[in-house]
Amino acid sequence: MRGLVTGSILGGLLLLGASPAGAAPPAPAAALKTYKKEMSRILLQERRYETKDMKRDLREAYAAYIKPWLDRGKPNAPKEIEYDFSGYRWVYKTWWGFALAKGEAAKKLAAAGGTEAAKRLLAALLRALDEVVKEDRALAQSRPVAFSMHDQVPAIRRYAALTYRDALVSALGSLKDGAALSWLLGKGLESVAKWQRSRRSDLARIALLDALARTGAAAVKPLLVSAAESASRRLRIVGLEGLARLPEERRALRERLTGALLTDPCFAVRVAALEALSRTAAGPAAVPARARALETEIQGENGILRTHLRNALRKIVGRDLGDAPESWLAWYRKHEKAIRDGTWQKGGDEGGTVKDERETVSFYDIRTISKRILALIDASDTLIIPVDIELAKTKNFFEWNALAKKDRNYVSQYDLLKRETLGMVEKLRPGSRFNLLLMNGSNQLTPFCKQGMAAAGARAKKEVAAFLDHVVVGGWAPQIEGLLEASRMAGTDPWGGEPPDAPAVDTIFLLSDGVPSGGPIVYGPAIVDDVRRRHRFLRIVIHTIRIGDFKDTAEEVMKGIAEATGGKYTWRKKP
């Protein structure tokens, strides 16, 4: 009944005031009146759910989630523990639904245009960001309240507020009339600056820049150029991304992006410039600039950005010519006349590709050229069971745990982890640095190297073997806690800090069963959304290795994290 009642409410909210397809937008005054009416109804329903049903739903969600764990080992209990996230999913999606409804109301107001719409939408954006700042602080201080489970209310409210933030940015970006844009570039910027000073946060400035870039108006270009030249690394990323959206002369834009790619001291800004450059459709004419950038990265030993550059060049040329800039420049000289004439076509005598496996390391068959690697490992009870999924289903955790302490004839997830980790450490190139971070026990994060990163070498391999032999396996392993700590290890505050010029980590291997067993965020899509938003300013690649066969959230979380960060996803089912 709960689902039918609240679902019908949200469905009604989304349909409130819906305009017939193809209908002309209402006049600004009428649109504002409708907007006020819709928002009053949505906020009333939101308040009713928060005060009457939300706490009850969260209690029921926790009871359903923990029941399989409490029932383990009892007569007739299933051999496999399948955590039930349906209750948490319900609460997250219900609160998220209110944000969607408010976003629809904002969209309709923006369609009418006008200065008043701009004022209302910006005010709503600043209120939504107030909520984000508040919940960020709550999440930063969050602690477990039962087992490894945290109070989920801050994460639920933050997820919805960020969704509403995106809808408001889109609505503001759809304003095309001159009066609205003039107000945003004048009084709107003043409001944002005042908000930024009082909250000590750049979230409002970033959101407004994102919105203005969406308008495509020439008047916003100076503002985006200023951001791209800012001392703030986060603003430089936003400015470059915004400029790539404008329909300005492509050549001037490519020169600016190329300059950032070649000279900006910040790794994340250079990656952002490369990705923006890739969207400008420069084609083969961009090969020389990217080859020079590749040479810069090789000389600076910056690791993973070389892979980004090579991938960008490969997409243009149709093959991989390796790390040597001379190979790419030679290719360009060979085809330069056809490129200038516009007659060059991908294909023909392009030939095969160059494989540089001698300069890569592998972890669970995922290869990387990086020299700054973190292995983030779920060391929960899942590591005790066999790698072979069908074999794992024949016994429960207690039975496998008992067998793990005796002589056994099966390969456990822990056996495979140790083999893969030692193999990776052994093949690290000179100058590489790495670390292991194990999520084990109840909310415990156990690093191999407690201060900074470990240097590659024979000594490191021996120390890693000893570390893995003595580490405690079992308990709960909240993924989000490990991901937040990974951001800190890279050199940034996960709650809005500036990215470092040279991150200590640029590649993460996340090995997990995919079950967010506790922590401040347990809803799969919210975890993926959080990773995606952080990736914008960190640009750290996360490869994900799924182990075990949990069905509820495993694939959406593990595959989603990899896709959000440009990583690879694999599911290991056999030794």
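A pocket here is an open set of grid points with protein on both sides within 12 Å along at least five of seven lines. With that in mind, start with the largest pocket in this predicted model, which has a volume of about 1200 Å³. Its lining takes in 46 residues, and if you want to find the centre, look for Arg165, Ile206, Arg533, Arg536 and Phe537, which lie nearest to it.

Thr215 has a relative accessible area of 9%, so it counts as buried, the cut-off being under 20%. Its side chain reaches back to the backbone oxygen of Leu212, at 2.6 Å. Setting aside neighbours within four places in sequence, Thr215 is in contact with Leu172, Gly173, Leu175, Lys176, Leu181 and Val220. Take Leu172: it is 43 residues away from Thr215 in sequence, yet the two C-alpha atoms are 8.1 Å apart.

Another threonine to visit is Thr565, in helix H21 (residues 554-565). With a relative accessible area of 3%, Thr565 is buried too. A polar atom of the Thr565 side chain lies 3.0 Å from the backbone nitrogen of Ile542. Ile542 also turns up among the residues Thr565 touches beyond four places in sequence, along with Val531, His535, Ile540 and Val541.

Methods. Residues numbered from 1 in each chain as written. Predicted model: local features only at pLDDT ≥ 70, side-chain atom pairs only at ≥ 80, totals over all residues. Heavy atoms only, no water. 1 Å grid on protein atoms, 1.4 Å probe; cavity = no way out; pocket = protein on both sides within 12 Å on 5 of 7 lines; lining within 4 Å. Points joined across faces, edges and corners; volume = space filled by probe spheres on them. Helix = DSSP H or I, 4+ residues; strand = E, 2+ residues; numbered from the N terminus. Buried < 20%, exposed > 50% of the residue type's maximum accessible area, 1.4 Å probe, protein only. Polar contact = N/O pair within 3.5 Å; in protein donor to acceptor, adjacent residues only side chain to side chain. Contact = heavy atoms within 4.5 Å.
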